[in-house]
Amino acid sequence: MTANNLLPINCEILAITKTTAIENLYRVRFPHVDKVHNGQFLQLSVPGFGECAISITDFSVEEQWLEFLIRKVGLVTNQIFNLNVGDYLPMRGPYGKGFQIANYEGKHLAIVAGGSGLAPVRSLIKHFHANPQDLKSFELLLGFKDTDNVIFKSEIAEWEKQFPVIVTVDNPSGAPDEKTGLVTQYVSGLKTIKQDMNSVEVVIVGPPRMMEFTAKEFIKNGVPPEKIWVSFERRMSCAVGKCGHCRIDEVYVCLEGPVFNYAATAHLFD
Amino acid sequence: MNHDIDVKKLRVNCFRQSKVAGEFMIQLRVPGSLIKAKYLAVIQHIAETWGNGTFHIGTRQTLNAPGIKYKYVDEVNAYIQDYIKEIEIEACGIDMESNEAGYPTIGARNIVACIGNSHCIKGNVNTHELARKMEKEIFPSHYHMKMNIAGCPNDCSKAHFCDFGIIGLTIPEYMPERCIGCGRCATVCKKVATGVLELVNNKIEKDMCCCVGCGECVSACPSGAWAYSKQKFYRVMIGGRTGKQTPRMGKMFLNWVTEDVLIAVIKNWQSFSATILENKPLYLHGGHLIDKAGYHRFRELMLKDVKLNPEAMVAERIFWTETEYRSNINVKKPIA
Amino acid sequence: MGLQLTNAQFNQVLARLSAKYAIYAPKNFPLEGRYSDTDMVRYDGITQVEDIVFERKSDMSAKEIVTPINETIMFFFNGQVQESKIPQKEILIFARACDINGFKRLDDIFLRNSETPDYYYQRRRNKIKFIAIECPSQGWDTCFCVSTQTNDTSDYALAVKSTGESLKIEIKDQEFAEYFADFAQNSTCQYQYQPVLENELKLTLPVINSQEVLTRLKNHPMWKEYNRRCVMCGSCTVNCPTCSCFTTYDVKFATDSETGAGERRRMAASCHVDGFTDMAGGHTFRTSAAERMRFKALHKVHDHKQRFGDNMCVGCGRCDDRCPEHISFSSMIQKMHTAVEQIKQELNHDSK
């Protein structure tokens, strides 16, 4: 008989940072950070209210913490917003296949994120921000609904000092030099697509349609589908391949994903 | 030519007067509207032998043969002896004489019923079985009454438009341990019934106050979390009628009564009618009879010696809503 | 060699078995059917042969015993969490070949779909032994277990065939011989479990042999009719012996409780039902009945096989028995087969 791995463990909230009107950044102490990969997720719970899958937005193995960007949109996240620093946030995980750092090392990497899709790639960006020598080149293309919804603003400003970052908003605020419109229209201007495709990798994370259209734009610009990586978002209930909610064809997003190679998932539609 | 026919006497014998002088239409009772198909041969024989070859499905679900000349009435009555015996005496268990005189009375009219749960997926009760039990209580009696039985609150048989309308109900039992929290029962209840169900944190909460007892939640449930109550319940609508003067929809008299209570109540109809009509079986619609008595007197006489089941509810008062053709205050010529 | 015991004699065996085993079998629940004055046959604990329904296929499958429709998996109290407990007794289930083979599919999902077996499934599954119920020679008119190759099973400790007044018994697992010791001398008969070898319904399952065939089948117009016919109630999944999806949710015992006492539950879920793919942000996948039907149907006869090697569907036909709209999954399998063959021809033609 195997151990019961579905029981959550209590994790102390170390810090809460208000990020946007409906999003907070939570830092929690987590004993098993050594098992964590970029792009994975955990099942956070508020006993009596339920569980929800939240992707890891950053972590520190040395300091034993995880960070989650949590949007107040449901029964459980509403309750998480009632918690304070020092409270316990029970959770289990980490789950899923994340981004493999080695896969991008020595490559020209472009990361495209839409809205809160920035959260699951933030730790990946921070890793290469801290280790720029590991990439041939690095570009970021970030799309948000409007300026109020831009998350991790100060970090973006830091990143911009080191590599090109395009931030575009759907709804213009009228500020000078503001880039507007969908991320898709900026794909053809990226330097990454001018490189030798053998040494290019592209990561796209965001809402399903945004990922679909952005991937198609890269393919149109000559990037082979197998060089594109996406992170699927699906309803999760068990997160361990039993409950069936996240299944598409023979694939379980919680087990084989959430990060997939685009070529391997192009046929997965539902 | 004067036929010198006592049409009133013939009417009581279930022969209805035709506009063609000297012709009548026999009405065969079909209590609860379900009989063996072989009896179609009976009405066919009557129609083709003594009638004009046609057959009418009566508005109260009788089998009618029009165009029967007066001189054949006795022959028809002799012919239907077996039919009356098999239907009224044998199937309904009525203690009456079997003879060649035809129907002893038209009094309480044929009991109308929908197909009920012997066939219908919506039905809560077996309307035919109930109709046969009811027929035994109201026939043969000269006191007039129109009873309709509906298998469920859809009321296809118009229990709302007769003197004594019976609607079959269920009080569905919920088994939360079998509930998958899909909320389909709540959605269906809202769509086709009264919206008394609500999905609260994956389980159903019910407002029993306004449940109409239709059982839609049971048939909607994919997992068998709802079951029809083992006990069957009935709603009784009274005083509904059509007609030239003051047609109106019936109003609820009893809700959630059991069959035993229902039968006990209907047993009182004869004595109620006799009391109000001073023992003269006049042709007076049940609704007018209730009006004559007043609802509270009606209730007192109908519930006399009746022991109500614990779930039963009784109307404290009734607010009739009639279409008053004698006033027509809202009907005007359009302004040109 | 088998035994033939009267029902009364077998009841003595059941009484002895019940000291060690919780015994489950298909049982009649009078008047609990979908329509008024109809019965429901589903699994429940039994104490005597007379409780067991042999003459009719159960409406619900045996999976409810090991994956209950609702199951409390843990309790919360004062910030602490404690897993739920289950009874100590071993479990014996009277089941037909389709149901026993259904458990193999449940095992695929719960025990083999990731490195870690499911704790809550495994704790019950480990206790289970089957008593195979022999079916009528062709099963029932909606059965197609021969077509799905799930008509036979060897995973049973005992097998029984009811003659009405008595039971013929095959003792396969000799551990059970002791329970029959009193009758071993005088009640022997020739009996060995016989599987159904032919159904009235004979189907050819679709063979989807390439990604392109699958994609074309997904986009095939055959699914459209279900937009009109299917009411998305999920009846076909609730009683399916192989549908195993569930949703986890929490209950708080009292809203104002200072201890935060509550529990976490699993509840059966259905891919046909609204909300199955709903995400907190509001996004939903597969909104139409046709998409949901396609998703379920392909899981049953393709996706599961891709992952685990066996088709998921065990041909019990319960989905057909229970569908309020009379949608027949066996007919759908035939339609899929026809569509797949047509697609393969098109592809052959295209490549020439």
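Trainee: How many salt bridges are counted between chain A and chain C?

Mentor: The count between these two chains is 4 salt bridges, a salt bridge being a side-chain nitrogen of Lys or Arg within 4 Å of a carboxyl oxygen of Asp or Glu. This is a predicted model, in which local features need pLDDT of at least 70 and side-chain atom pairs count only at pLDDT 80 or more, while totals for chains, interfaces and linings use all residues. Residues are numbered from 1 along each chain as its sequence is written, chains are lettered from A in the order in which they are written, and side-chain values use heavy atoms, with hydrogens and water left out.

Trainee: Which residue of chain C does Arg247(A) form a salt bridge with?

Mentor: Arg247(A) pairs with Asp303(C), and their closest N and O atoms are 3.1 Å apart.

Trainee: And how many residues are in contact across chains A and C?

Mentor: On the chain A side 40 residues are in contact with 51 residues of chain C, where contact means heavy atoms within 4.5 Å.

Trainee: Switching topic, where is there a cis peptide bond in chain A?

Mentor: One joins Gly93(A) and Pro94(A), with omega about 0°, and Pro94(A) lies in strand β6 (residues 88-95) of chain A, strands being DSSP runs of E with at least two residues, numbered from the N terminus.

Trainee: What about Asp177(A), is that residue buried or exposed?

Mentor: Asp177(A) counts as exposed because its relative accessibility is 78%, and exposed means over 50% relative accessible area (1.4 Å probe, protein chains only). Phi of Asp177(A) is near 60°, a positive value in a residue other than glycine.

Notes:
Helices (H or I, at least four residues) and strands (E, at least two) are DSSP runs, numbered from the N terminus. Buried means under 20% relative accessible area, exposed over 50%, partly exposed in between (1.4 Å probe, protein chains only).
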